[in-house]
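This briefing sets out selected features of the structure shown below, grouped by topic.

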Amino acid sequence: MKIMLVNPPRFEGLPVIREERCEITERYSVLEPYSLLQLAAILRDRGHNIALLDANGFDYDYAHVEKKLADVMPDVLIFRFTPTTFDHDTSICAIVRELNPKIKTIGLCWTLNKVPKDVMDSVPELDYYATGDYETVVPSIIEKISDVSGIGGLVWRSGKDVIINTPTRGMIANLDELPIPAYDLLDSLDPYFINTPTDEVFTIMYTSRGCPYGCIYCTVAGTVWKPRSAESVMKELRYLKKKYNVKLVSFFDETFTIDKQRIMDICRAMVEEKLDIKWYCNTRANLLDEELIIAMRDAGCRGMSIGVESGSQKILDMASKRITVEEARNVIRLAKKHGLKVLCSFIFGLPGETWDTVDETIQFVKNALPTGVQFNVAVPYPGTELHRWAIEKGLLKETGWRHLYQHESVVGTEDMSPEDLNKARYMAYKALYTYPIWYLENIKHVLKNPEDFNMAVKYSIKIINNFVLHRMEHSH
Ligand code: SF4
């Protein structure tokens, strides 16, 4: 079959991240469409004829996409969409229908998998919505395209109006069996960067999927954690190094360090093979200790992103975060002690939030001084505990998922309105960005780690640009 995979164009000029749980507009990051590259490799291995277009990465508009589609004229189109860019992303289906009504359309989106009927009702030209693990669900669709009944993790139309939902996940058993993503289908890795362009060859990568923790606001909470082996991770890293001379990797796993031994094995292999790749990861405050931090640093880790979410223990407990404020403070201190940068994210508007707890968070940040911060407002994604809580309390004023931005609140708490939460977010940024000790602390880091000088300068310019010009919208 001739299959074309498309990462749709940017949204109103803003880059869009359409990857796993992370489906947002983000002014300061352009990421490889990793999941589409992965799928492309799987389908190519099965003998299909594959074309891929990353319109977001290379900043192509829909006219360009349409031309490419007309050139390729595929049998099947596969694309990703996100809640806040939904109408923009899914408009590709109408383009395809116009070109040739026989082309089948398959959409991927993690965040909306609990409201599949809404999705299908909103886009009559969408034939299949893969809600389960795309690595198994999509190949199954392609194989059984004349009769997809019984495929788990799939929503589809039977006849004109009947929507069939087979919700079981269609889970992938062993991530090690996946081929290396088809990076070769990208013209180059030049457009890609995260947070700040550093002019270094960069990619994102997954070494595991899922998260067994139960944070009430999270769309992957309680999913099965599936790791790749150290050898499988190394195989991809070696390939990236050899073929593209990749210098910088962001491991995009939800919780990179869940299994300490696995990370120690990966780190040991990176050191032994002198890979010379700098890398970042996402993890939790309770999943790092000094031994692991040192091993990670020695293997090229330059920093990590940690979801702290609040400086108030009451809020953390109510959000089922299963960390303590002290754990977060300690891990920031330890990581910085060993020369790593720590980017912490916080959420205003979790259950129980008041102006006092907002203040606790701001004080925590001023006291713990993480290298960088993201302040978000709570987003009641469908299917999460937070969504259920907001409905039960009558707090959810705006239910449409097209408005679920992390910079603009749609749900208050018992004590704070959505407008209060937007104010709190801006206030928190202002408190940090006007706090001289935070700058001094970061200058100290750069003096000890001069290789971070360039990035620090670019990051500072970004902060000013973002805060003054954009009031921290569509960015973190
Ligand atoms: S730790 Fe919590 S927020 Fe992070 S991925 Fe797991 S459930 Fe989600």
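In this predicted model, ring pairs join Phe346, Phe348, Phe364, Phe375, Tyr426, Tyr429, Tyr433, Trp438, Tyr439 and Phe467 into a cluster. The structure as a whole holds 24 aromatic pairs.

**Aromatic pairs**

- A pair of aromatic rings is described by two quantities, the distance of the centres and the angle of the planes.
- The ring centres of Trp438 and Tyr439 are 5.0 Å apart and the planes meet at 70°, so this pair is edge-to-face; the cut-off for that class is an angle over 60 degrees.
- Trp438 is buried, with a relative accessible area of 2%, whereas Tyr439 is partly exposed at 35%.

**Charges over rings**

- Arg284 lies over the face of Tyr213, at 3.6 Å from the ring centre.
- The charged end of Arg21 sits over the ring of Phe252, at 5.9 Å from the centre of that ring.

**Ligand shell**

- The residues around the ligand are Cys211, Tyr213, Cys215, Tyr217, Cys218, Val220, Ala221, Glu254, Thr255 and Arg284.
- By class, this shell comprises seven nonpolar, one polar and two charged residues.
- Arg284 and Tyr213 both belong to the shell, and they also form a charge-over-ring arrangement, with Arg284 over the face of Tyr213.

**The seven-stranded sheet**

- Strands of a sheet pair through backbone hydrogen bonds, in either the parallel or the antiparallel sense.
- Seven strands form an open sheet in the order β4-β1-β5-β6-β7-β8-β9, and the pairing is mixed.
- Its edge strands are β4 (49-54) and β9 (162-166), each of which pairs on one side only.
- From one strand to the next, the twist averages 20°.
- Strand β1 (residues 2-7) is largely enclosed by the rest of the structure, because five of its six residues are buried.
- On one side, β1 pairs with β4 in the parallel sense over six bridges, and Ile3 has Ile50 of β4 as its bridge partner.
- Strand β1 also runs parallel to β5 (residues 76-80), to which four bridges join it; here Val6 stands opposite Phe79 of β5.
- An antiparallel pairing is found between β7 (residues 128-130) and β8 (residues 154-158), over three bridges.
- Within the β7 and β8 pairing, the bridge partner of Tyr129 is Val155 in β8.

**Positive phi values**

- Most residues other than glycine have a negative phi.
- Met73 has a positive phi, near 45°, and is placed in the loop between α3 (62-72) and β5.
- With a relative accessibility of 30%, Met73 counts as partly exposed.
- Asp199 likewise has a positive phi, near 60°, and is found in the loop between β9 and β10 (202-205).
- Asp199 counts as exposed, at 72% relative accessibility.

**Lys243 and Tyr183**

- Lys243 is placed in helix α7 (residues 230-244) and is partly exposed, with a relative accessible area of 47%.
- The C-alpha atoms of Lys243 and Tyr183 are separated by 9.7 Å, while the two residues are 60 residues apart along the chain.

Definitions and conventions:
Residues are numbered from 1 along each chain as its sequence is written. This is a predicted model: local features need pLDDT of at least 70, side-chain atom pairs count only at pLDDT 80 or more; totals for chains, interfaces and linings use all residues. Side-chain values use heavy atoms; hydrogens and water are left out. A residue is near a molecule or strand if one of its heavy atoms lies within 4 Å of it. Ala, Val, Leu, Ile, Met, Phe, Trp, Tyr, Cys and Pro count as nonpolar, Asp, Glu, Lys and Arg as charged, and the others, Gly among them, as polar. Rings of Phe, Tyr and Trp (its six-membered ring) pair if their centres lie within 6.5 Å; planes under 30 degrees apart count as stacked, over 60 as edge-to-face and the rest as tilted. Buried means under 20% relative accessible area, exposed over 50%, partly exposed in between (1.4 Å probe, protein chains only). A charge sits over a ring if NZ of Lys or CZ of Arg is within 6 Å of the ring centre and within 35 degrees of the ring normal. Helices (H or I, at least four residues) and strands (E, at least two) are DSSP runs, numbered from the N terminus. Two strands pair if DSSP finds at least two bridges between them. Axes are lines fitted to C-alpha atoms, for helices over the stretch in contact, and angles run from 0 to 180 degrees between N-to-C directions.
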